[in-house]
Amino acid sequence: MPTSYDVVIVGGGHNGLVAATYLARAGRSVLVLERGSHTGGAAVSERVFPDFDARLSRYSYLVSLLPRQLVGELGLRFETRRRRISSYTPVGEGGLLVDTADADRTRTSFARLTGSDADHQAWQRFYAMTARLAQRVFPTLTEPLPTRAELSRVVDDAVAWEAIFERPLGETIEATFTDDTVRGVVLTDALIGTFTSAHDPELRQNRCFLYHVIGGGTGDWDVPVGGMGALTDALAAAARTAGAELVTDREVTAIESDGVRAEVRYDGGAVGAGHVLVNAAPHELARLLGTPAPVKPEGAQLKINMLLRRLPRLRDAVDPREAFAGTFHIGEGYDALERAYREAATGAPPSAPPSEIYCHTLTDPSILSPELAAQGMHTLTLFGLHTPARLFADDPNRARDRLVESTLAQLDSVLAEPISECLAVTPDGRPCLEAKSPIDLEHELGLPGGHIFHRDLSFPFRTDDDPTPAARWGVRTEYANVFLCGAGAVRGGGVSGIAGHNAAMAVLESR
């Protein structure tokens, strides 16, 4: 390994691999240092249950924000599939089914739930507004950051701007919809990985909601064929083909920079660099630089991976293959979500933990061996909301186990049979269920506080007139040649590659 490179990238997650490929193709010498035994970061596929040939997307699991532009420019062999069913929310002995391919069926489901057509009409108007917003905002994410005024002109819709960028989202939801279930389904997109209230005056919920409804210019959340690891495997191959050097099992321990040259130290050595791109949280970057750390962020999600012998039966007459094909909401009524937030904010686990489930194998069975697929087995991914890291501080494992138990009890309350009866079982009698708390994510992935976005998301516009490339592309740090290239960059978050692309553009524009 040479002693110096044009660019050293700290962290081999998907953003680091995107940046490496763009820079190596531009003729830069690039080294990627990854602390783990393989690249991919949180976007990996693994045999979570070794006795079964099923490769689950262990951490991140759906794709929305990845621009097709990046897939094309990098020449990736990577495919996603659209889900016909957007969501299903069980309510009593019925439920709300949103079928994107059948407007009449969705309208009928709304009418059965709410007793009128008013909320369905409001739903159509509201999501027509977010669709226009997505078409206008999403293309800006791979361009230099616009100012607030410039982005407002791009949006060109005063009502949408007010609803998303100015007022707490709860005000808009309450003014637009009347039914508690409908309100809750809308609010969930503002809470994924974000611990906050519908009425947070700092608009954290609005920022989260924005990124969840603009992906791909449509807001669709698609299934990665072959699992999330198919993307990062393709990215690693592209980076190597371009000439980047990828080195695993190398944990970076420190970074020193004078703004012109930098030294990156790792276990067993050090390497010089003209630029350093850090695919880690700002809190972690401060530790590496030896500078005062920002306030540690706090993740707020519970992730449960499951392998099933079969899908569970529902109380409703809806086919489980449809109910679980989209996002299956549990305990996510509007009032229930706010109650769970208030309870967790005081340090108490939510009495009725809200969560949502996704079934990869209904859309893409390729992550199962032919034998498991023929047996009718499926994977389920449960994502629990309002479970901040503070709930696990005293006894992480015990707190996680208790929360898993109460979360699965909430799931059982809307099923016609316990989920435990559907789980696959290992030869030694263990159910195929794995749970990850924010504390687990911090230990396994280096996410401070388990925050999946590295820190609170930011609106995708500039807040100053700094003319430097790093500021223009939203990847600036306090050092002129050290850039963020992960989820903590402006316009980072989610599996998108946008932060990696933008960091690479900033390097190529730098002198």
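This is a predicted model: local features need pLDDT of at least 70, side-chain atom pairs count only at pLDDT 80 or more; totals for chains, interfaces and linings use all residues.
A salt bridge is a side-chain nitrogen of Lys or Arg within 4 Å of a carboxyl oxygen of Asp or Glu. By this criterion, the count between domain 2 and domain 3 is 0 salt bridges.

The protein chain is divided into three parts: domain 1 covers 4-43 + 65-79 + 224-297 + 449-510, domain 2 covers 85-115 + 302-386 + 388-436, and domain 3 covers 119-220. The centres of domain 2 and domain 3, taken over C-alpha atoms, are separated by 25 Å. Contact between these two domains involves 27 residues of domain 2 and 24 residues of domain 3. About 2,100 Å² is buried between domain 2 and domain 3, and carbon and sulfur atoms give 71% of this area. On the side of domain 2, Phe110, Tyr334 and Tyr341 supply 33% of the area buried against domain 3, more than any other three residues.

Polar interactions were also counted across this boundary. While salt bridges between domain 2 and domain 3 number 0, there are 5 residue pairs in polar contact, both residues being at pLDDT 80 or more. The side of domain 2 that touches domain 3 draws two or more residues from each of strand E6 (85-91), strand E7 (94-99), helix H3 (103-114) and helix H13 (334-345). Of these elements, H13 gives the largest share, with 7 residues. Sorted by residue class, the side of domain 2 that touches domain 3 consists of 14 nonpolar, 7 polar and 6 charged residues.

Salt bridges do occur in the structure, which holds 34 of them. One is formed by the side chains of Arg82 and Asp220, with an N to O distance of 2.9 Å. Arg82 lies in the loop between strand E5 (80-81) and E6, and Asp220 lies in the loop between helix H9 (204-214) and strand E8 (223-224), so the pair ties together parts that are 138 residues apart in sequence.

Record annotation was compared with the model for one span. In an unreviewed entry, UniProt lists residues 16-304 as "domain: Amine oxidase". In the model, the end C-alpha atoms of residues 16-304 lie 26 Å apart.

Methods:
Residues are numbered from 1 along each chain as its sequence is written. Side-chain values use heavy atoms; hydrogens and water are left out. Domain bounds come from an automatic or database domain assignment. Contact means heavy atoms within 4.5 Å. Buried area is the accessible area (1.4 Å probe) that two parts lose on being put together, summed over both. A polar contact is a pair of N or O atoms within 3.5 Å; within protein, one must be able to donate a hydrogen and the other to accept it, and residues adjacent in sequence count only if both atoms are side-chain atoms. Helices (H or I, at least four residues) and strands (E, at least two) are DSSP runs, numbered from the N terminus. Ala, Val, Leu, Ile, Met, Phe, Trp, Tyr, Cys and Pro count as nonpolar, Asp, Glu, Lys and Arg as charged, and the others, Gly among them, as polar. UniProt positions are given in the numbering used here, feature names are shortened, and annotations may be inferred rather than shown by experiment.
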